[in-house]
Amino acid sequence: QLQLVESGGGLVQLGGSLRLSCAASGDDLSSYAIGWFRQAPGKEREGVSCISPSGGSTIDADFVKGRFTISRDNAKNTMYLQMNNLTPEDTAVYYCAVRGACYRRSGVVGTYGMDYWGKGILVTVSS
């Protein structure tokens, strides 16, 4: 069974950067769309970015505003989220997810359902 493990989270100051990684085991990611999602305290989970199986197509939520970059290395069975210019509003638990479909509508990224989710990793941005 596919398992996902996120890493790279932590505490960063306003304007700082982090790179999240999501390593998969138990299955080959190369055939699946994958995505990053986040849930801030007291808020619903929201989509951040998704990427196609080949990595040739990505979709981002409006709040990304060019600050975040999703990528994948199929040879390493790993996906990444490079986050730059972080603000306190980016504080959340970030989740990677695979094997499903994403969409972008009115600036919001959503999913019709992802079969596998990581446990999440906390990103805290201080002001």
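A disulfide (a pair of cysteine sulfur atoms within 2.5 Å) joins C50 to C102, with an S to S distance of 2.0 Å. C50 lies in strand β5 and C102 in strand β9, so this pair ties together parts that are 52 residues apart in sequence. Strands here are DSSP runs of E with at least two residues, helices are runs of H or I with at least four residues, and both are numbered from the N terminus.

This is a predicted model, in which local features need pLDDT of at least 70 and side-chain atom pairs count only at pLDDT 80 or more, while totals for chains, interfaces and linings use all residues. Residues are numbered from 1 along each chain as its sequence is written, and side-chain values use heavy atoms, with hydrogens and water left out.

**Disulfides**

- The structure holds two disulfides.
- The link of C50 and C102 is left-handed, with -65° about the S-S bond.
- C50 counts as buried because its relative accessibility is 4%; buried means under 20% relative accessible area, exposed over 50%, and partly exposed in between (1.4 Å probe, protein chains only).
- C22 and C96 form a disulfide as well, with their sulfur atoms 2.0 Å apart.
- Since C22 lies in strand β3 and C96 in strand β9, this pair ties together parts that are 74 residues apart in sequence.
- The link of C22 and C96 is right-handed, with 60° about the S-S bond, and both of these cysteines are buried.
- With the bonded cysteines of the protein chain numbered in sequence order, the pairing is 1-3, 2-4.

**Overall fold and dimensions**

- The protein chain has zero helices and eleven strands.
- The radius of gyration of the protein chain is 13 Å, close to the 14 Å that the globule rule gives for 127 residues, so the chain is as compact as a globular protein of that length. The radius is taken over C-alpha atoms, and the rule is 2.2 Å times the number of residues to the power 0.38.
- Taken along the principal axes, the C-alpha atoms of the protein chain fill a box of roughly 40 × 30 × 25 Å.
- Of the 127 residues in the protein chain, 43% are buried.
- Among contacts (heavy atoms within 4.5 Å) with a separation of 6 or more, 57% are between residues 24 or more positions apart.
- The accessible surface of the protein chain comes to about 6500 Å², and 46% of that belongs to carbon and sulfur atoms. Accessible areas come from the Shrake-Rupley method with a 1.4 Å probe; for residues, only the protein chains shown count as cover.

**Nonpolar core**

- The largest nonpolar core has 35 residues, and those with the most contacts inside it are W36, L81, M83 and Y94.
- Strands that each supply at least two residues of this core include β3 (18-25), β5 (46-51) and β8 (78-83).
- Strand β9 gives the most to this core, with five residues.
- A nonpolar core is a set of buried Ala, Val, Leu, Ile, Met, Phe, Trp, Tyr and Cys residues joined through side-chain atoms within 4.5 Å.

**S49 and its surroundings**

- S49 is found in strand β5 and counts as buried because its relative accessibility is 0%.
- The side chains of S49 and D60 are joined by a polar contact of 2.6 Å. A polar contact is a pair of N or O atoms within 3.5 Å; within protein, one must be able to donate a hydrogen and the other to accept it, and residues adjacent in sequence count only if both atoms are side-chain atoms.
- Not counting residues up to four places away in sequence, S49 touches I34, G35, W36, I59, D60, V64, I70 and L81.
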